[in-house]
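Me: I would like to learn how to read helix packing from a model. Could we work through one case?

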Amino acid sequence: MRADRRARQGSAMLNRCSVNFLLKSVIVLVSGALVITFALGAWDAHSRYDAASRVAALTQTSGAVFRAMNALRIDRNFTGRVLTSETPAPGDQAQMDQSRAAGMPPFQQAANEIGGLDFPGQAEYAKSLPAVLKQLQALQAETLAAMKQPLATRRARMGGKLDMGVRAM
């Protein structure tokens, strides 16, 4: 008898709810589920966008570093050749100037951008790269001045110092 009474009370409770109320309740629940689903999708998309932005920034800075390294390797070789010869070949000085002009702007770009990147060891690189850039600029200025002097008056192993500066990068 109790079970019969409970069944009647349950159906009586449903009889009190109108169809309009039930439909609105279902619409609100489905709408809430859709909003939550869209919010989670937007959050995931934003997270992926942030990750892609970090990768793009790292790629851009990495590209600048490799462009600089390529040009500075050429500079290192031609500078060593020019500093060890009494009269350098006419194209050597031009090639050296061209490689320096091509290598220093990407190096400067990398030194400027590395502070805003997020990767392991970033703080160490952000601290050391500007110092290496200043050292390299000083060595390049010193080698340009030395090339105008006769071979006998040039400081020994100046090309080696530039070589070590490029390798430190």
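**Reading the helix packing**

Reply: Start with one crossing: H2 passes H3 in a left-handed crossing. Keep in mind that this is a predicted model.

Me: What is the overall make-up of the protein, in helices and strands?

Reply: The protein has 5 helices and 0 strands. Along the sequence the pattern reads α-α-α-α-α.

Me: Which residue can I look at in the loop between H2 and H3?

Reply: Pro88 lies in that loop. Its relative accessible area is 32%, so Pro88 is partly exposed; the band for that label runs between 20% and 50%. For a distance check, take Pro88 and Phe78: they are 10 residues apart in sequence, and their C-alpha atoms are 9.6 Å apart in space.

Me: Next, H2 and H4. How do their axes cross?

Reply: H4 spans residues 122–147. The axes of H2 and H4 come within 11 Å and cross at roughly 30 degrees. Angles under 35 degrees count as roughly parallel, and that makes H2 roughly parallel to H4. H2 passes H4 in a left-handed crossing.

Me: Which residues meet where H2 packs on H4?

Reply: From H2 come Leu72, Asp75, Thr79, Val82 and Leu83. In H4 they meet Leu136, Gln140, Thr143, Ala146 and Met147. The residues of this contact divide into 6 nonpolar, 3 polar and 1 charged.

Me: What about H3 and H4: at what angle do their axes cross?

Reply: Roughly 165 degrees, with the axes coming within 11 Å. That makes H3 roughly antiparallel to H4. The crossing of H3 and H4 is left-handed.

Me: Which residues make the contact of H3 with H4?

Reply: On H3 they are Gln93, Met96, Asp97, Arg100, Met104, Phe107, Gln108, Ala110 and Ala111. On H4 they are Leu129, Val132, Leu133, Leu136, Gln137, Gln140, Thr143, Leu144 and Met147. By class, the contact of H3 with H4 has 11 nonpolar, 5 polar and 2 charged residues.

Me: What does Gln122 touch, not counting residues up to four places away in sequence?

Reply: With those left out, Gln122 touches Ile114, Gly115, Gly116 and Leu117.

Me: How do I read burial and surface for the protein as a whole?

Reply: Look at fractions. Of the 169 residues in the protein, 24% are buried. The protein exposes about 11,600 Å², and carbon and sulfur atoms supply 63% of that area.

Me: And what share of the contacts joins residues 24 or more positions apart?

Reply: Among contacts with a separation of 6 or more, residues 24 or more positions apart account for 72%.

Methods:
Residues are numbered from 1 along each chain as its sequence is written. This is a predicted model: local features need pLDDT of at least 70, side-chain atom pairs count only at pLDDT 80 or more; totals for chains, interfaces and linings use all residues. Side-chain values use heavy atoms; hydrogens and water are left out. A crossing is left-handed if the near helix is turned anticlockwise from the far one by less than a right angle, and right-handed if clockwise. Helices (H or I, at least four residues) and strands (E, at least two) are DSSP runs, numbered from the N terminus. Buried means under 20% relative accessible area, exposed over 50%, partly exposed in between (1.4 Å probe, protein chains only). Contact means heavy atoms within 4.5 Å. Accessible areas come from the Shrake-Rupley method with a 1.4 Å probe; for residues, only the protein chains shown count as cover. Axes are lines fitted to C-alpha atoms, for helices over the stretch in contact, and angles run from 0 to 180 degrees between N-to-C directions. Angles under 35 degrees count as roughly parallel, over 145 as roughly antiparallel, 65 to 115 as roughly perpendicular and the rest as oblique. Ala, Val, Leu, Ile, Met, Phe, Trp, Tyr, Cys and Pro count as nonpolar, Asp, Glu, Lys and Arg as charged, and the others, Gly among them, as polar.
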